[in-house]
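Trainee: I would like to learn how to read the features of a structure like this one. Please show it and take me through it.

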Number of protein chains: 2
Amino acid sequence: MTSTDSAQQPAEDTAKGTAKAPAKDPWDLPDVSGLVVGVLGGTGPQGKGLAHRLAKAGQKVIIGSRAAERARAAAGELGHGVEGADNAETARRSDIVIVAVPWDGHAATLESLREELAGKLVVDCVNPLGFDKKGAYALKPEEGSAAEQAAALLPDSRVTAAFHHLSAVLLQDPEIDAIDTDVMVLGEVRADVEIVQALAGRIPGMRGVFAGRLRNAHQVEALVANLISVNRRYRAHAGLRVTDV
Amino acid sequence: MTSTDSAQQPAEDTAKGTAKAPAKDPWDLPDVSGLVVGVLGGTGPQGKGLAHRLAKAGQKVIIGSRAAERARAAAGELGHGVEGADNAETARRSDIVIVAVPWDGHAATLESLREELAGKLVVDCVNPLGFDKKGAYALKPEEGSAAEQAAALLPDSRVTAAFHHLSAVLLQDPEIDAIDTDVMVLGEVRADVEIVQALAGRIPGMRGVFAGRLRNAHQVEALVANLISVNRRYRAHAGLRVTDV
């Protein structure tokens, strides 16, 4: 049992006399309203739901699919100015690229888009899971997590991880205005993490919370297996809130 | 990206004509007020904090330590009828035994108490973590998780996992009346899980939520590394709430 606060060493608490710049306000997030968001795997229920919520919040969204035709058809259903394109064009035209493909196709899709994703802010939200008659269980990618696999395959991209714990049912339900959940955002570069936090915050009810480096992404991805158990037991669409933050 | 609701197959939703007993209300939890709770590692900050909260809520609590003297001294500080004993006596006299020892001593402690813990409801709340200059990171026990290690070492005990995400600072703060967090409870046997849920619910502000089988305990344990990052960034004592439940 390790206390969650055992490793806290707030910089301001040092009793040394040296003057330090005050810590940056962690809620001072950038304006991302002008950025174009691409969603790879945007025709799947989760990607489509996320595209819908972001576009409804005023973000310019392109959904990508292997087949441009399918993407355009899905975009047409969504409205709110959403466009559809093949994955390569989606990546090229976007500032932020959300990776919402199935785990099975994760490595191959990213490898094939390495050039188009160079320089882009990539947001991986893939959960490597297996299923059997006892329910869902976590798979452990060789690289540690889906996000670390993305970082390994995309050395010229800025890879973050977020949007793992969302219910596609809630995202796609037109009767629901706000999504009552925090989004854990992981990454190595604070400026990139803050862009993703700000993006999550565009969706009513959602809040992006920094939750560590990519080496701690596995458990965030894997926790979806637990939320599936929660949803079955309570017949719910569970989300997570981080308290005291 | 796997939707958290993708695997939901509520039994009541089957359109078959066969009459089924209604599902048990997941909030119909047993009365645990008469059970004796032992806390192994009860002189550490987390174990002591938890012992304090449970005793204050009216539970009979014994804290265990390798040295009975230390346990008695810590118990004396806590008041509320808390007793102290060595780990073996604590295990023997308790109905529910919370394992709050450091990860380093986890296997050895449990192995030495196999007999005393036979038949007992064991609640593992150990988080296997490593620390370096970049912060905390998850360790992966050979058995999958600390909880699965406990289950392997204690074949005659009823092993569950819970109480991973608590702040010792909040638990021990006498100014704080309620702990604003849900407690994820994992286990194989529903009746045992429900006892632990009920126990968590004895502490004001806390709620015990079923969160899956022991094979999905690793990510719940490992998530403490993320909460440590949250606490550092936001200077907080973060907890977790499960929404829509």
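Mentor: Start with Leu40(A), which is buried at a relative accessible area of 0%. Buried means under 20% relative accessible area, exposed means over 50%, and partly exposed is in between (1.4 Å probe, protein chains only). This is a predicted model, in which local features need pLDDT of at least 70, side-chain atom pairs count only at pLDDT 80 or more, and totals for chains, interfaces and linings use all residues. Residues are numbered from 1 along each chain as its sequence is written, chains are lettered from A and ligands numbered from 1 in the order in which they are written, and side-chain values use heavy atoms, with hydrogens and water left out.

Trainee: In which strand is Leu40(A) found, and which residues does Leu40(A) touch?

Mentor: Helices (H or I, at least four residues) and strands (E, at least two) are DSSP runs, numbered from the N terminus. Leu40(A) belongs to strand S1 of chain A, residues 36-40. Contact means heavy atoms within 4.5 Å. Leaving out residues up to four places away in sequence, Leu40(A) touches a set that includes Gly64(A), Asn87(A), Val99(A) and Leu113(A). Pro128(A) is 88 residues from Leu40(A) in sequence, and their C-alpha atoms are 16 Å apart in space.

Trainee: Which residues of chain A does UniProt list for a domain?

Mentor: UniProt positions are given in the numbering used here, with feature names shortened, and annotations may be inferred rather than shown by experiment. An unreviewed UniProt entry lists residues 37-128 of chain A as "domain: Pyrroline-5-carboxylate reductase catalytic N-terminal". That span is 40% helix and 24% strand, and its end C-alpha atoms lie 23 Å apart.

Trainee: What rotation superposes chain A on chain B?

Mentor: Copies are superposed by least squares on the C-alpha atoms of residues with pLDDT of at least 70 in both. Here a rotation of 180° with 0.0 Å of shift along its axis superposes chain A on chain B, at an RMSD of 0.0 Å. The two copies are thus related as by a two-fold rotation axis. Of the residues of chain A, Gln219(A) comes closest to that axis, its C-alpha being at 2.1 Å. The same surface serves both copies, since 100% of the contact residues of chain A recur in chain B.

Trainee: How many salt bridges does the structure hold over all chains?

Mentor: A salt bridge is a side-chain nitrogen of Lys or Arg within 4 Å of a carboxyl oxygen of Asp or Glu. The structure holds 28 of them over all chains. Take Arg93(A) and Glu89(A), whose closest N and O atoms are 3.2 Å apart. These two are 4 residues apart in helix H3 (residues 87-93) of chain A, so they are separated by about one helical turn. Arg93(A) is partly exposed at 36% relative accessibility, and Glu89(A) is partly exposed at 30%. Both belong to a network of salt bridges that also links Lys60(A) and Glu83(A).

Trainee: Which chains hold the partners Asp132(B) and Arg215(A)?

Mentor: Asp132(B) forms a salt bridge with Arg215(A), with the closest N and O atoms 2.9 Å apart. Asp132(B) lies in strand S6 (residues 129-132) of chain B and Arg215(A) in the loop between strand S10 (206-210) and helix H8 (217-234) of chain A, so the pair joins two chains. Asp132(B) is partly exposed at 36% relative accessibility, as is Arg215(A) at 27%.

Trainee: What is the nearest side chain of opposite charge to Asp124(B)?

Mentor: For charge, Lys and Arg count as positive and Asp and Glu as negative, while His and the chain ends are not counted. Asp124(B), in strand S5 (residues 121-124) of chain B, is buried yet has no salt bridge; the nearest side chain of opposite charge is Arg114(B), 13 Å away. A polar atom of the Asp124(B) side chain does lie 3.0 Å from the backbone nitrogen of Val126(B).

Definitions and conventions: A polar contact is a pair of N or O atoms within 3.5 Å; within protein, one must be able to donate a hydrogen and the other to accept it, and residues adjacent in sequence count only if both atoms are side-chain atoms.
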